[in-house]
Amino acid sequence: MSVIQNNIDLVNATLTVKVSKEDYSEKYDKALKIARKKINVPGFRVGMAPMGMVKKMYGPTILVDEINKIVSEELYNYINENKLNILGEPLPNENSKVDAFNEGDDFEFVFDIALAPEFKVEWNGNLPYYNIDVDAALIEKQVDAYRGRFGKYVPAEKVEEKDVIKGELVELNADGSVKEGGVKVEKAILSPGYMKEEDQKALALGKAVGESFVFNPAKAFGNENEIASLLQIKKEEAKEFAADCQFTVAEITRFAHAELDQELFDAAFGKDAVKSADEFRAKVKAGLEEQFSGDSDIKLSIDVREYVLNQLKDVQFADEFLKRWLKATNKEMTESSIEAEYPKMIEDLKWQMAKDQLLKEAEIKVDRADIEAAARSAAKMQFIQYGMLNVPEDILDNYVTEMLKDKNGLRNASDQALNAKFIAAVKERATFDNKTVSFEEFNKFFQ
């Protein structure tokens, strides 16, 4: 048995696998004996059919299977032993086919392969790096967000638009009297802010505890779900409800932002971690800078990709082979969809190959500790988004453990850890034109 490589050009080659009778006969005979023990031939007990009959009935199929196994094994052994950097997988040459599989014949199989192009990316260029300016306005906006996150509802004297009011609601007759047997809700709850009609909203505004106002739920809300919830009736009944109602205010509550005091400091960052408004703002600023540092690295990754692809714009690939391979391995893809998507696929391939080149050059590897650290960082960001700024370490540990049990969570954390090391390697090699931009200016990059 032999494999012969023929390089057509820098990125296309063929591998010819020659198989003689001596290469497959022993395995073929063994496979026939195994098949004989299992097959059921009418007129014979299982395993007792004459070998000649077995060979006649099943020999050609078994021969093809055994030769395919031998060819596949030899093909990939050659690729591995010769360290061929191929793209996709070998495909049978369309102009070289075996007409028939006859026992005792020698066979020759020709496969097309795509060789990965050789290139060298220079990582020592000058790149922009955008630092987001954490100015006073941004800090105050975040401080206000913390105050809102830890705010609470407090009693109010007179109804304002965003207040929540509780009280008794009763259905009225057309003459304004209370309808006997009509809708009555003793602990009704509504907020004028959710009323869609301004004239209906105005009826509630300014009312104090003990005072009443008459409004029309159908006009105020115009949505049977909201009407049914307010009146505690069925949705079908709410569709037909058109009467006015009287609402007697029993309680008014208003959401109030937390005061900038020790109670807020402790809730946001843990007991006694911050003891003054200035320290609180400094802590908020540090948190924003840490968050924005990650955002700056994301922008850097985008710019590095553009920088790399510009270097590789003239690198040639085995385009015809790769399109044929895509069609052979993705049955849902048509020729038109392949033509449309192929340029983007090649850009992604160039980028991945360039990254792999740097990771290999820098001898970068990701271990379990790196993955756990990446998962922990991601978990902290998730908790922060939900307003949980001081999650206990044991809860974080359990969360990370569960995250990494899921294969998608494990893969995402691995990718994040590897990308962090990749960006660190780029930072060691490139020079940077540091630019400070506002938060609004930075966000325009992603619009």
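1. A residue is taken as buried when its relative accessible area is under 20% and as exposed when it is over 50%. The model is predicted. Gln200 has a relative accessible area of 7% and is therefore buried. The residue belongs to helix H4, which spans residues 198-204. Beyond the residues up to four places away in sequence, Gln200 touches Met195, Phe215, Asn216, Lys219 and Ala220.

2. Two loop residues deserve a separate remark. Gln232 lies in the loop between helix H6 (224-231) and helix H7 (235-240), and its phi is near 55 degrees, a positive value in a residue other than glycine. With 57% relative accessibility, Gln232 is counted as exposed. Glu363 is placed in the loop between H11 and helix H12 (368-385). The phi of Glu363 is likewise positive, near 55 degrees, in a residue other than glycine. Its relative accessible area is 70%, so Glu363 is exposed.

3. The sheet may be taken next. Four strands make up an open sheet in the order S1-S2-S4-S3, with antiparallel pairing. S1 and S3 are at the edges; each has a single partner strand, and one side of each is therefore left without a neighbour in the sheet. On average, neighbouring strands of the sheet are turned by 25 degrees against each other, direction ignored.

4. Within this sheet, strand S1 (residues 2-7) and strand S2 (residues 12-19) run antiparallel and are joined by six bridges. The two strands form a hairpin, with four residues between them. Ile4 stands opposite Thr16 in S2. Helix H2 (residues 51-81) lies across S1, S2, S3 and strand S4 (107-115), and runs at about 135 degrees to S2.

5. The largest nonpolar core comprises 36 residues; Trp123, Val304, Val308, Phe317, Leu322, Phe422 and Val426 are those with the most contacts inside it. Two or more residues are given to this core by each of strand S3 (86-92), strand S5 (126-132), helix H9 (277-311), helix H10 (319-329), helix H11 (335-361) and H14. H11 supplies the largest share, eight residues.

6. Which residues does Val304 contact, leaving aside its neighbours within four places in sequence? They are Trp123, Leu127, Trp351, Phe422 and Val426. A second, separate core has 26 residues, including Leu190, Met195, Ala204 and Leu230. Met195 of that core is also one of the residues touched by the buried Gln200.

7. Finally, helix H13 (residues 393-405) and helix H14 (residues 407-429) have axes that come within 5 Å and cross at roughly 105 degrees. Angles of 65 to 115 degrees count as roughly perpendicular, and H13 and H14 are therefore roughly perpendicular to each other. On the H13 side the contact is made by Met403, Leu404 and Lys405, and on the H14 side by Lys407, Gly409, Leu410 and Ala413. By class, four of the contact residues are nonpolar, one is polar and two are charged.

Note on methods: Residues numbered from 1 in each chain as written. Predicted model: local features only at pLDDT ≥ 70, side-chain atom pairs only at ≥ 80, totals over all residues. Heavy atoms only, no water. Axes fitted to C-alpha atoms, helices over the stretch in contact; angles between N-to-C directions. Parallel < 35°, antiparallel > 145°, perpendicular 65-115°, else oblique. Contact = heavy atoms within 4.5 Å. Nonpolar A, V, L, I, M, F, W, Y, C, P; charged D, E, K, R; others polar. Pairing = 2+ DSSP bridges. Core = buried A, V, L, I, M, F, W, Y, C linked by side-chain atoms within 4.5 Å. Buried < 20%, exposed > 50% of the residue type's maximum accessible area, 1.4 Å probe, protein only.
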